[in-house]
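Dear colleague,

Here is the structure for your files. My notes on it follow below the model.

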Amino acid sequence: MRVDIISIFPEYFAPLDVSLMGKARERGILDIHLHQLRDWTHDVHKTVDDTPYGGGPGMVMKPEVWGEAVDAVIEDGRAASGEDALPRLIVPTPSGRPFTQEVALEYAEEPWLLFAPARYEGIDSRVVAEYGERLRADEVSIGDYVLAGGEAAVLVMVEAVGRLLPGVLGNARSVADDSFAPGAMANLLEGPVYTKPPVWRGHEVPEVLLSGHHGRIARWRRDEALRRTLARRPELVARLDRDGLDKHDRRV
Ligand SMILES: NCc1ccc(-c2ccccc2)nc1
């Protein structure tokens, strides 16, 4: 997968050089290209923003600069991936559609993602409109809070998508085990996890986990996941289709 990121703070993405994403890049599974948005300005101050039409606080990012940057990055990517290739444009914003595990799985199927994290009050809305006419352009939210810019959201999304790519997670771990993966634990939060020692500062590991009885352990884990989901995210339990809960579940 090719990932392009255009930002006025490309150094923000240094974390993508380390750990799981760093290894995925070394192994050629993930091909990340960073771009400095100011390279597409033409004034001495390298201006990327201006006052909002209609007044109001803050500044808005200029469409011309973003347009030249996105066009150039598409051309750059096409030179590498083939003349008719087009990226999926992703703009992080508090007003976007929710970024969920389902969206991460959808993005993990894409050969090329182009992230456009904004600063200030956001990017002139004509940029998404312009590119939405010829490629898939998504405004996406990673949560209901406002950051100082979209860069942190891009880091979150690149990691959530990157770990889904074949070969990134070791054999010991598969995406099928994820909390929100389809299957028995779909739409449930992870339950509690434990490792040695069996007693730590007087806290004992639940006996069932030491029993070696796999059926009971699986049942206990599902019960704990249900209890935690009911307590912390009751709306997720409502999403479970009624067939998703067996008669034992309903007792939890
Ligand atoms: N959903 C999290 C999120 C994503 C982006 C932004 C943001 C803030 C300022 C400027 C541009 C984008 N804030 C929160």
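Leucine 189 sits in the loop between H5 and strand S8 (199–200); helices (H or I, at least four residues) and strands (E, at least two) are DSSP runs, numbered from the N terminus. Leucine 189 is buried, its relative accessible area being 14%. Buried means under 20% relative accessible area, exposed over 50%, and partly exposed in between (1.4 Å probe, protein chains only). From leucine 189 to aspartate 43 the separation is 146 residues in sequence and 51 Å in space, C-alpha to C-alpha.

Before the rest, two remarks on how to read the values. This is a predicted model, in which local features need pLDDT of at least 70 and side-chain atom pairs count only at pLDDT 80 or more, while totals for chains, interfaces and linings use all residues. Residues are numbered from 1 along each chain as its sequence is written, and side-chain values use heavy atoms, with hydrogens and water left out.

The chain as a whole

The chain has eight helices and nine strands. Its C-alpha atoms fill a box of roughly 70 × 45 × 40 Å, taken along the principal axes. Of the 252 residues in the chain, 42% are buried. Contact means heavy atoms within 4.5 Å; among contacts between residues at least 6 apart in sequence, 72% join residues at least 24 apart. The accessible surface of the chain is about 14,600 Å², and 54% of that belongs to carbon and sulfur atoms. Accessible areas come from the Shrake-Rupley method with a 1.4 Å probe; for residues, only the protein chains shown count as cover.

The ligand

There are 15 residues around the ligand, and Ser141, Ile142, Gly143, Tyr145 and Leu147 come nearest. A residue is near if one of its heavy atoms lies within 4 Å. The shell divides into nine nonpolar, five polar and one charged residue, where Ala, Val, Leu, Ile, Met, Phe, Trp, Tyr, Cys and Pro count as nonpolar, Asp, Glu, Lys and Arg as charged, and the others, Gly among them, as polar. Strand S5 (residues 88–98) supplies the largest share of the shell, three residues.

Nitrogen atoms of the ligand pair with protein N or O atoms as follows:
- serine 141, side chain, at 3.1 Å
- isoleucine 142, backbone, at 3.1 Å
- leucine 147, backbone, at 3.0 Å

Taken alone, the ligand exposes 360 Å², of which the protein buries 95%.

Helix H3

In helix H3 (residues 101–108), the buried residues are Val103, Ala104, Tyr107 and Ala108. Seen down the axis of H3, they fall within an arc of 140°, so they line one face of the helix; the arc is that of the directions from the helix axis to the C-beta atoms. Their cover includes S5, strand S6 (112–115), strand S7 (137–141) and helix H5 (151–162).

Two buried polar side chains

Aspartate 249 belongs to helix H8 (residues 247–251) and is buried, at 5% relative accessible area. Its side chain makes a polar contact with the side chain of arginine 219 at 2.4 Å. A polar contact is a pair of N or O atoms within 3.5 Å; within protein, one must be able to donate a hydrogen and the other to accept it, and residues adjacent in sequence count only if both atoms are side-chain atoms. Leaving out residues up to four places away in sequence, aspartate 249 touches Arg219, Arg222, Leu226 and Gly244.

Serine 7, in strand S1 (residues 2–7), is buried with a relative accessible area of 0%. The serine 7 side chain reaches the backbone nitrogen of phenylalanine 9 at 2.7 Å.

Regards
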